[in-house]
Structure formats: C-alpha cells, structure tokens
Amino acid sequence: MAKRDFYEVLGVAKGATDDEIKKAYRKLALKYHPDRNPGDKQAEESFKEATEAYDVLSDDQKRARYDQFGHAGIGSGAGAQSGFEGGAYGFDLSDALRTFMRDFGGFGDLGDIFGEGGGRRTATAGPSRGNDLRVTLALTLEEVATGVEKKVRLARRAACQTCQGSGSEDGKVTPCTTCGGTGEIRRVARSIFGQVMNVSVCPTCHGEGQIVAKPCKTCHGGGRVKVSEAITVKIPAGVASGNYIPIRGKGDVGPRGGPPGDLLVFIEEHAHPIFERHGDDIFASVPVTFSQAALGDDQLEVPALDGKTVMKLPRGTQTNRLFRLRGRGIPHLRGGGRGDVIVRVVIWTPERLGKDSEDLLKKLGAAESRGLPDLAAFKRSLDGR
C-alpha cells in the first residue's frame with residue numbers, strides 16, 4: 001500500500017513550522033501510543049506512521065529532500081532504524097518508541113505524560129541497556145548499484161567472561177539499601193498545586209536495584225570488558241548517503257548483564273568521477289564532435305555503471321540535449337526495477353587545430369552561415385524540443 005503524504009499524516013500544512021510539526025506529532029503520539037492502546041494493532045500502526053512522518057519533517061535535510069522528491073527523495077519511505085534511515089523498510093515499534101522518548105521523554109514516566117498520575121514507575125529496576133555504536137561506511141556508486149558485503153572492525157564492550165557479565169566475583173548480589181531494590185527514589189514535594197511526586201534514578205545502584213558485594217577483578221564489577229570484533233555487514237543495492245543499517249545486539253553490552261545496544265552502520269557515498277546521482281537516476285555528460293552531432297552516430301559509446309553501452313545519436317543533435325537510457329541506473333531499494341541513466345550530449349569544440357583542419361572548418365563555416373535560422377525561428381525550434 002502506498003505511503004500517505006507525511007504532511008497529511010501529521011495534519012499540518014506544507015509550510016508548517018518546526019514547532020507546529022512537533023505539537024502535531026506529540027498529539028498523535030499520545031493518542032496512539034501503545035501504552036494507551038494495549039493490543040490495538042491499528043493504533044500501533046498509526047503510532048509508527050506518525051513517528052515516521054515526524055522523523056522526516058523534523059529534520060531539515062530530510063524535509064528538504066522530501067519536499068523536492070517526495071518519498072523517493074528519502075529512499076522510498078522515510079525513517080527507519082529497523083532497516084535504513086531514509087526509508088528502507090519503515091519504523092518498527094521499538095524504533096518508534098525510541099524516537100518518541102528521545103524527543104519527548106526524560107520528564108517523568110509515561111503515566112505522567114498521559115495524565116494518569118503516579119501509579120507507574122519511571123523505569124524497571126534491573127541492568128540498563130548498553131549504548132548504541134555508530135560507524136560510517138563509504139561506498140562507491142558501483143557498490144551502491146550492485147550491493148556489497150563489507151567487514152567492519154569495531155571496539156565494543158562485551159560481557160565479561162570471568163563473571164559471565166554479572167560483575168560479581170562470587171555471583172552474589174544484594175538488594176540496594178538506598179532504594180530498597182526498586183532502582184528509583186521517590187520524594188513528595190509541596191507546591192502551589194499541592195503535593196507533587198518526584199521520581200529519580202537511585203544514585204547508589206544507578207537504577208539496577210542491586211549491589212555487587214564482591215566485584216569481579218577482571219571487569220571491576222562492571223560486568224563487561226572492551227573487545228575488538230570484526231562484523232560482516234550486507235549492504236543491499238540502492239542505499240544512499242544518510243541511510244543506516246542497524247545490526248541488532250552488536251552495540252555495547254549493558255553493565256552487569258544489561259541487554260546490548262545496536263550497531264548503526266551509516267552509509268556515505270563517494271563522489272563519482274563521471275556520474276551524478278539524483279534519486280535512483282544517474283546523470284552523465286558525454287562529449288561529441290560537431291560531425292557526430294550534425295550527421296548522427298548509430299554507435300555512440302556512453303558510460304554505464306556496469307561498463308559501457310551504446311546509443312543512437314540522431315542527426316542534428318543540439319548541445320545539452322538529454323537522452324534517457326531506461327533501467328540502467330540505481331536499483332530501487334525496495335525492489336521492482338531501477339532508475340535511468342540520463343545522458344547530456346555536449347558538443348566539444350577543439351582548442352587547437354592543425355592547418356588542414358582549420359581550412360576545412362573555414363569552408364564548412366562559409367556553407368553553414370547561409371543555413372542559419374533567424375533568431376525567432378531558432379527560439380521556436382528550442383521551445384518545440
């Protein structure tokens with residue numbers, strides 16, 4: 001099913017300000033948030049759709065590409081930590097929740113956001129999740145066109161093998177006496193509005209609810225150590241600069257048995273010596289002689305990403321005329337065909353001539369001057385092309 005227009009999804013005008021976009025998204029996110037609609041798949045899809053639209057329209061660069069090219073300008077879809085940022089496969093629920101909490105979290109629990117009161121906790125006691133890691137892969141346009149496998153070497157924090165990630169030398173942990181094992185500190189304060197419950201992470205156990213009595217000597221109680229690891233990343237054809245691929249569970253492991261973060265592999269394209277990429281189309285300027293332009297050429301050699309190909313140049317071709325070679329460009333990221341190669345023909349004027357060539361051109365020039373159209377006829381011919 002085709003994606004809806006992102007401005008339509010958020011219910012804002014195309015010229016909406018950043019503040020209007022943020023307010024519109026927040027309203028929709030709170031309405032469709034899974035915590036308010038448990039088990040409601042339609043609400044979940046609406047939440048993901050709104051978050052995807054917000055992810056693009058709240059980013060100046062993504063929004064500019066979207067305004068110019070639509071969904072194709074951001075990789076046929078927009079957003080997506082589950083596939084590729086810029087629209088490979090769309091947001092999954094965990095990524096949408098992460099985006100929501102990134103921009104609207106950190107100021108109380110979801111119960112406070114939804115106006116439900118303080119019956120819920122800010123965080124569940126236990127080991128915290130590890131950090132996401134980010135690397136950048138530079139690809140050639142040829143690699144983008146075919147897809148490629150790349151090896152990435154990274155330094156990350158992995159579970160300590162001595163204590164199996166527990167951080168404890170003897171495997172024993174005790175409840176934190178500061179927070180009573182809840183991982184959080186609650187304080188009641190008075191204000192002009194009455195009593196207010198302030199909830200914060202326990203400073204002693206850092207939200208884990210447990211204390212290691214005898215720290216592991218290898219990891220010093222952290223439950224993790226630094227390692228160097230090589231990871232193979234499969235890059236599908238059709239990615240673009242700004243896309244990223246998440247490798248689940250290959251970020252830092254959380255302290256003392258906490259779940260690992262993700263590795264985010266960002267794509268960067270090398271500039272190509274011949275082609276310019278515009279979406280999934282690629283443009284190339286090809287020089288031809290005056291003789292070729294005037295007489296035509298049935299076997300004009302032009303570049304392509306998979307080598308060279310030939311095209312027919314018609315007689316009387318003017319400089320800067322464009323020709324389209326269909327299906328020779330970048331594959332669409334979601335499949336279903338490729339972009340095109342756009343060839344711009346430029347008549348090349350030699351800077352140095354031998355005497356024989358100069359004499360021939362003088363004779364040709366004398367004949368050509370008698371066949372030039374007047375300016376009005378010339379403009380009509382250009383307008384009609």
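This is a predicted model: local features need pLDDT of at least 70, side-chain atom pairs count only at pLDDT 80 or more; totals for chains, interfaces and linings use all residues.

A salt bridge is a side-chain nitrogen of Lys or Arg within 4 Å of a carboxyl oxygen of Asp or Glu.

Over the whole structure, a search finds 27 salt bridges. One of them joins the side chains of R63 and D18, at 3.8 Å from N to O. R63 sits in helix α4 and D18 in helix α2 (residues 18–32), so this pair ties together parts that are 45 residues apart in sequence. R63 counts as buried, at 11% relative accessibility, whereas D18, at 47%, counts as partly exposed.

Now stay with helix α4 and find its neighbour. Helix α3 (residues 41–57) packs against helix α4 (residues 60–69) at an angle of about 100 degrees, and their axes are 6 Å apart. That angle makes α3 roughly perpendicular to α4. Where they touch, D55, V56 and L57 of α3 meet K62, R63 and Y66 of α4. Sorted by class, this contact has three nonpolar, three charged and no polar residues.

D281 and R324 form a salt bridge, with their closest N and O atoms 3.9 Å apart. D281 belongs to strand β11 (residues 281–288) and R324 to strand β14 (residues 321–325), so the pair links distant parts of the chain, 43 residues apart.

Terms used:
Residues are numbered from 1 along each chain as its sequence is written. Side-chain values use heavy atoms; hydrogens and water are left out. Axes are lines fitted to C-alpha atoms, for helices over the stretch in contact, and angles run from 0 to 180 degrees between N-to-C directions. Helices (H or I, at least four residues) and strands (E, at least two) are DSSP runs, numbered from the N terminus. Angles under 35 degrees count as roughly parallel, over 145 as roughly antiparallel, 65 to 115 as roughly perpendicular and the rest as oblique. Contact means heavy atoms within 4.5 Å. Ala, Val, Leu, Ile, Met, Phe, Trp, Tyr, Cys and Pro count as nonpolar, Asp, Glu, Lys and Arg as charged, and the others, Gly among them, as polar. Buried means under 20% relative accessible area, exposed over 50%, partly exposed in between (1.4 Å probe, protein chains only).
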